[in-house]
Amino acid sequence: MARVHFAKVSKRYGDVAAVDDLTLEVADGELLVLLGPSGCGKTTALRMVAGLEDVTEGSLTIGDDLVNDVDPKDRDVAMVFQSYALYPHMSVAKNIEFPLRQRKIETAERKQRALEAATTLGLEDLMDRKPGQLSGGQRQRVALARAIVRDPRVFLMDEPLSNLDAKLRVQTRGDIVALQRRLGTTTLYVTHDQVEAMTMGHRIAVMQGGRLQQVAAPQDLYERPANTFVATFLGSPGMNLIPASRQGDELVTPSGSLAVPAELSGIAPGEVTLGARPESLSLGTEGLRATVSLVEMLGAETQVHCKLEGGTTLVVRQGHDQVRPDLGHSVLVSVDPSSLHAFDAATGDRIEGSQ
Amino acid sequence: MRTRATRRHKDWALAYALLLPGLVIFSIFTFWPFLQNFKLALYQNPPYPGLPSTFVGLSQVGDVLSSVTFHQSLISTLLFVVMVVPTGLLGGLVLALAAHKALKGMAIFQVIFSSTVVTSVAVAAVVFGTLMDPVVGLLPWLGLDPHPAILSNPTWALPAVAVIAIWQFLGLSFIIMTAGLQSLPEEVLEAARLDGARAPTMFFRVTIPLLSPTIFFGLVVGFIYAFQSFGQIDILIGSQNAEFTHTNVLLFYIYRALSVQNDPGLAAVLSIVLFAILLSVTLLQFRFLERRVHYAGN
């Protein structure tokens, strides 16, 4: 077990930076999720730790070892791939034993450890099957068993649940978390699924365009997003952004004004981007003027899309017991002032002193 | 319901109408001669053209199968196949592995390696014939005096034509192996690297098993190619050469039976034998080898 440390790490393909100046530390025993849309550089970052991609710049450390030029097989890391990457010609037992066999571990111990790993993942009855005879979920468990069997310093997981159906994904998610907490192995977990990230990670590192946007515990990330990208990427739907300007004690928008709440008293006069989660908006008798453009009923809640006079659309989350407005009707959207966020209108960065 | 049935009839009619030209051509030039061949095998022909043939039933088949010439031909054919197929497949694999690198200019080598596919048998035979020539060839140039000349030498004539066949099969073998290597699942190879596999293990325990469907396909294609080799032998050895008995492979024997011996009956029997061998070898390969083949995703 070991920490993983990225120090100003970049990966460039010609002029394109897949990972740009990444500084990030994964603590010993931590499960850190790399989250971002496709092409954000999260998989490249993971593959650099594995040694499957070269580091163009910066230094990458596992434990106390600088691994920039270390061969993948000598890094003592195990990876779980989205496609499972099992050896199709080998039985489950042989697949799990493979890493041990490469380390010249004698037969008796090898079989013993493979069986232990298999039992941990409930595969002990499938040892003689070939991967082709297993379901997707079973294959993924074989891949996990192959990763844990040699007790590596770091687990690397590249969207391991993407090929599973929704129900199995939830179950396997729980299994992986339980396994990681029990083994205490440092884990880097790549996903584009924010629900996976929120439920699995000790911390989440959000990436976009090759750059790290924010790294924080899931709840902090949700409550104090560092910029508008993180604010809108996390949450389903993401945070509503409202362009406004501070004029005296008022926040003026094209659809009406709001009083500057005490929490935001530090923001400078001028342009500002306000942020509000759908659950901190409600339809009432005062607030911003808007027209209902879409009503989505999801059972436990209803999401009401309201178009402001300036053209911005806000999503309001309502409980199932609240009165649903009709499409096309004019409404007033009120904002809970204590949960209003403020971002720099030009850079999108969070304005400290807000919230 | 009625309209749906009518539409289905129309679909069938259209399908058959589109298939018809192909079926007609195949019937005239493939199926009909194929059936005629079985009939020919039952008739014996006098050695002079124009005289009536006599129905002899299966006795001609028995005569041919028990003849010394046939046995010699069969042995030559098998030797030829054994020389060509494994060497050609292995050579193709080695070339494919060498060219399977993301290096600049590798496409040039890929073109060169696969070029033997588009070289005509006649050109290849003439070039190799010149290289093997006892006067202007490679050996005299190296100061050696091959005597008798390679192509008239009972020991070396068959290996010499096998070399040309191997050279020509290399291109196809290279293309097949390259296609196989390119379709290997990248993540499985990466998993093996992370699992600690060294180069020999990577190759023999991961790459080769993953490549086995390709190798199997190459084997089937190679067998058919080798059994059907003819041009090199006809051009370099011919029927006139005293050593032709050593290079009298089945297809060449069939050709000679018809064009030199004017014996369609003999040629028909030999054709059926060749057909039976190719069919059974292919079926046997599928029956026994396919079980040891690992298809990706399985």
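In which hand does α5(B) pass α7(B)? In this predicted model, the crossing of α5(B) with α7(B) is right-handed. The contact between these helices is formed by V121(B), A124(B), A125(B) and F128(B) on α5(B), which face V163(B), I164(B), W167(B) and Q168(B) on α7(B). Classified by residue type, this contact of α5(B) with α7(B) comprises seven nonpolar residues and one polar residue, with no charged residues. Helix α5 of chain B covers residues 121-131 and helix α7 of chain B covers residues 157-182; their axes come within 10 Å and cross at roughly 130°. Angles over 145 degrees would count as roughly antiparallel and those of 65 to 115 as roughly perpendicular; α5(B) and α7(B) are therefore oblique to each other.

The secondary structure of chain B amounts to twelve helices and two strands. Read from the N terminus, the elements of chain B follow the order α-β-β-α-α-α-α-α-α-α-α-α-α-α. For the 298 residues of chain B the globule rule gives 19 Å, whereas the radius of gyration is 24 Å, well over that value, so chain B is more spread out than a compact globule. The C-alpha trace of chain B spans about 85 × 75 × 35 Å along its principal axes.

Chain B also touches chain A. To this contact chain B contributes 16 residues and chain A contributes 19 residues. On the side of chain B that touches chain A, two or more residues each come from α8 (186-194) and α9 (199-227) of chain B. The most is given by α8(B), with six residues. By class, the side of chain B that touches chain A holds eight nonpolar, four polar and four charged residues.

In chain A, an open sheet is formed by five strands in the order β13-β12-β11-β14-β20, with antiparallel pairing. Strand β11 (residues 240-247) of chain A runs antiparallel to strand β12 (residues 250-253) of chain A, and three bridges join the two. Q247(A) has E250(A) in β12(A) as its bridge partner.

Notes: Residues are numbered from 1 along each chain as its sequence is written. Chains are lettered from A and ligands numbered from 1 in the order in which they are written. This is a predicted model: local features need pLDDT of at least 70, side-chain atom pairs count only at pLDDT 80 or more; totals for chains, interfaces and linings use all residues. Axes are lines fitted to C-alpha atoms, for helices over the stretch in contact, and angles run from 0 to 180 degrees between N-to-C directions. Helices (H or I, at least four residues) and strands (E, at least two) are DSSP runs, numbered from the N terminus. Angles under 35 degrees count as roughly parallel, over 145 as roughly antiparallel, 65 to 115 as roughly perpendicular and the rest as oblique. A crossing is left-handed if the near helix is turned anticlockwise from the far one by less than a right angle, and right-handed if clockwise. Two residues are in contact if their C-beta atoms, placed from the backbone, lie within 7 Å. Ala, Val, Leu, Ile, Met, Phe, Trp, Tyr, Cys and Pro count as nonpolar, Asp, Glu, Lys and Arg as charged, and the others, Gly among them, as polar. Two strands pair if DSSP finds at least two bridges between them. The radius of gyration is taken over C-alpha atoms; the globule rule is 2.2 Å times the number of residues to the power 0.38.
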